[in-house]
Amino acid sequence: MTATLIVVLALSVVIGLSLGVLGGGGSILTVPILVYVAGFEAKEAIAASLFVVGVTSAVSVFSHARGGRVMWRTGLIFGAAGMAGAFVGGLLGGHIPGQILLIAFAVMMVATSVAMLRGRKKKSDGGAPPVKHELPLGRVLLDGAVVGLVTGLVGAGGGFLVVPALALLGGLPMSVAVGTSLVVIAMKSFAGLAGYLTTVQLDWGITLGVTAAAIVGTLAGSKLAGRIPEAALRKAFGWFVLAMGSFVLIQQAPADLRWFIAAGVAATAGICWFFISSCPLRNRTGRRSNVPSPA
């Protein structure tokens, strides 16, 4: 076993931890690991990430289900709506240049990190548990198809788009939204993979090894779910995703523009941090969660 493969497998455990604890983030980590560590081509990495995340999510679902954190009807409806979009995205992705896909992937990473750092505003509910509402099927079908298209196209955007959607549309508590999102992610990932396999060949040896390591991570992550302060974990992971997204974006830029783009990213972050009061980069997510809103 080579040193590179050992590093890839070790990092793959983190993929599973992310899925098990946060209900997302698997592809955000898988694609850069496969491209920059394992040496996969962009399209192959995206296709492999869909397999890894699909299998890992499916395995993790059962741990969450035993803890009562999966709403099967909601997950299956949302997942079915996303499968068509994911399959179309996978078909399209096979015909788009790899560099364009990685740039789109990097933009998705940056957008995801900003959403994670911003956190979620909690409504004043007097401490009452979230109420489960009937799903507006038209909205679910539209959201599921759009999220599925993004997931199938660039191999990312599943969990961190699905979890908030489930919390808002279905009125699910966060822990249940995380568990239910894994059902959706598994369904959409396999549909997107089917689209990619029409044009892309996978190195199944490495792909299966990464999948096995990620499963180990997700089993551990599902046991940790609910025991780690969510706000702190999400913020730390958000910073990591922002750094990774910026790195991928700079790497895919023309060589003579990389320093210019890096300086632009740093300047934008600095302006946001020092001059914008609502900047998500310095937003204290824990403060949003702990301070109740006035009645």
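I began with the definition of an aromatic pair: rings of Phe, Tyr and Trp (its six-membered ring) pair if their centres lie within 6.5 Å, with planes under 30 degrees apart counted as stacked, over 60 as edge-to-face and the rest as tilted. The model I looked at is predicted, so I kept to its limits: local features need pLDDT of at least 70, side-chain atom pairs count only at pLDDT 80 or more, and totals for chains, interfaces and linings use all residues. I numbered residues from 1 along each chain as its sequence is written, and side-chain values use heavy atoms, without hydrogens and water.

I looked up the aromatic pairs and found two. Tyr36 and Phe247 are edge-to-face, at 5.2 Å centre to centre with 70° between the planes. This pair links distant parts of the chain, 211 residues apart, with Tyr36 in helix α2 (residues 26–37) and Phe247 in helix α10 (residues 230–252); I took helices as DSSP runs (H or I, at least four residues), numbered from the N terminus.

I then checked accessibility, where buried means under 20% relative accessible area, exposed over 50%, and partly exposed in between (1.4 Å probe, protein chains only). Tyr36 counts as partly exposed because its relative accessibility is 30%, and Phe247 counts as partly exposed at 37%.

For Phe51 and Trp204 I noted ring centres 5.1 Å apart and planes at 85°, so this pair is edge-to-face. The pair also links distant parts of the chain, Phe51 in helix α3 (residues 42–66) and Trp204 in helix α9 (residues 204–224), 153 residues apart. Phe51 is buried at 15% relative accessibility, whereas Trp204 is partly exposed at 37%.

Notes. Helix = DSSP H or I, 4+ residues; strand = E, 2+ residues; numbered from the N terminus.
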